[in-house]
Amino acid sequence: MVSKSVLRKLSDSELEKYLKEDNRFVPEAVKVAVEILEERGRAFSEVEKTAIQQMIQSKKETAEAKLTEEQETWKDHITEDPEAIKLYSRMTILVCSVFFTPVPGSILLFLNLIKLKKYIAGFLALAFGFLFLMFQKYVLLSHFDFGTSSRYSPEIGVIAVGALGLLVISVLATPKKLPYRAASYILPVALCVATAVLMYFYFQEWFSYYPFARAIHLFRQ
């Protein structure tokens, strides 16, 4: 957010820099600079006003285009094209990672990246999933109390970091806007079921800080 009080401290010559065509200031800052200059008696001709408005509009359109491009980068681009490669969706990987630890999510991402011939990134994703689980167990549990039931409790943040880590690897390693067909849910479901079984038998040892594992533990009791 642009602070008008901060810009008021600038001299007229410094504010004039906000009006140059090649300036890197956000459109809101340019608009505020114009307002301050007018308050100080600077008179703008109709030509100047039109040019400034066009520059502000251009900056807004550029910012919107950049935001859209960034959003497209993070989105899944699922298609019905029978020729497209089959991959597990990012949403599937995220859901598996949030509810069933990063391990099943990392396995799915590993298989995606191997299909795309991104071997180093694939093994990195696989290692991340297993190492992050151990990181949660042996490091974070020794520093935080995971007994709170608050939705802002530390374990929720820890779980989110693991899932987001896999998402970042996926975004960086997968070609941008790659169209693909969603792969079958059979393997993701099998991995989640297998993890749920492990949660049932090894709750205290490994999974006590996972909300879904706690639900399984309560059902077991």
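How many cavities of 30 Å³ or more does the structure hold? The count comes to one.

**Orientation**

This is a predicted model, in which local features need pLDDT of at least 70 and side-chain atom pairs count only at pLDDT 80 or more, while totals for chains, interfaces and linings use all residues. Residues are numbered from 1 along each chain as its sequence is written, and side-chain values use heavy atoms, with hydrogens and water left out.

Followed from the N terminus, the order of elements is α-α-α-α-β-α-α-α-α-β-α-α-α. Of the 221 residues, 36% count as buried. Here buried means under 20% relative accessible area, exposed means over 50%, and partly exposed lies in between (1.4 Å probe, protein chains only).

**First stop: the cavity**

Select D76, R90, S170, T174 and Y180, which lie nearest the centre of the largest cavity. A cavity is a set of points on a 1 Å grid over the protein atoms alone where a 1.4 Å probe fits but cannot get out, and its lining residues have an atom within 4 Å of a point. The volume of the largest cavity is about 150 Å³, a volume being the space filled by probe spheres set on the points, which are joined across faces, edges and corners.

The lining comprises 18 residues.

Next, select residues 90-100, which form helix α5. Its buried residues are R90, T92, I93, C96, S97 and F100. They cover an arc of only 165° around the axis and therefore lie on the same side of α5; the arc is that of the directions from the helix axis to the C-beta atoms. After α5 comes T101, with a positive phi near 75°.

How many disulfides does a search of the whole structure find? It finds zero, a disulfide being a pair of cysteine sulfur atoms within 2.5 Å. C96 is in no disulfide, and its nearest cysteine sulfur, that of C192, is 3.4 Å away. C96 counts as buried because its relative accessibility is 4%. C192 is also buried, at 11% relative accessibility.

Show the aromatic side chains. The structure holds four aromatic pairs. Rings of Phe, Tyr and Trp (its six-membered ring) pair if their centres lie within 6.5 Å; planes under 30 degrees apart count as stacked, over 60 as edge-to-face and the rest as tilted.

Select Y18 and F25: their ring centres are 3.7 Å apart and their planes meet at 10°, so the pair is stacked. Y18 is buried at 10% relative accessibility, whereas F25 is partly exposed at 34%.

Move on to F132 and F135, whose ring centres are 5.8 Å apart with planes at 40°, so this pair is tilted. Both residues belong to helix α7 (residues 119-138), where they are three residues apart, about one turn of the helix. F132 is buried at 8% relative accessibility, while F135 is partly exposed at 37%.

Most residues other than glycine have a negative phi. Select K117, in the loop between α6 and α7; K117 is not a glycine, yet has a positive phi of about 65°. K117 is exposed, with a relative accessible area of 60%. Then select K177, in the loop between α8 and β2 (180-182). The phi of K177 is likewise positive, near 55°, and K177 is partly exposed at 40% relative accessibility.

The tour ends at R42, in the loop between α3 (27-39) and α4 (46-74). R42 is partly exposed, with a relative accessible area of 27%. Select D12 as well: R42 and D12 are 30 residues apart along the chain, and their C-alpha atoms are separated by 9.0 Å.

Key
1 Å grid on protein atoms, 1.4 Å probe; cavity = no way out; pocket = protein on both sides within 12 Å on 5 of 7 lines; lining within 4 Å. Helix = DSSP H or I, 4+ residues; strand = E, 2+ residues; numbered from the N terminus.
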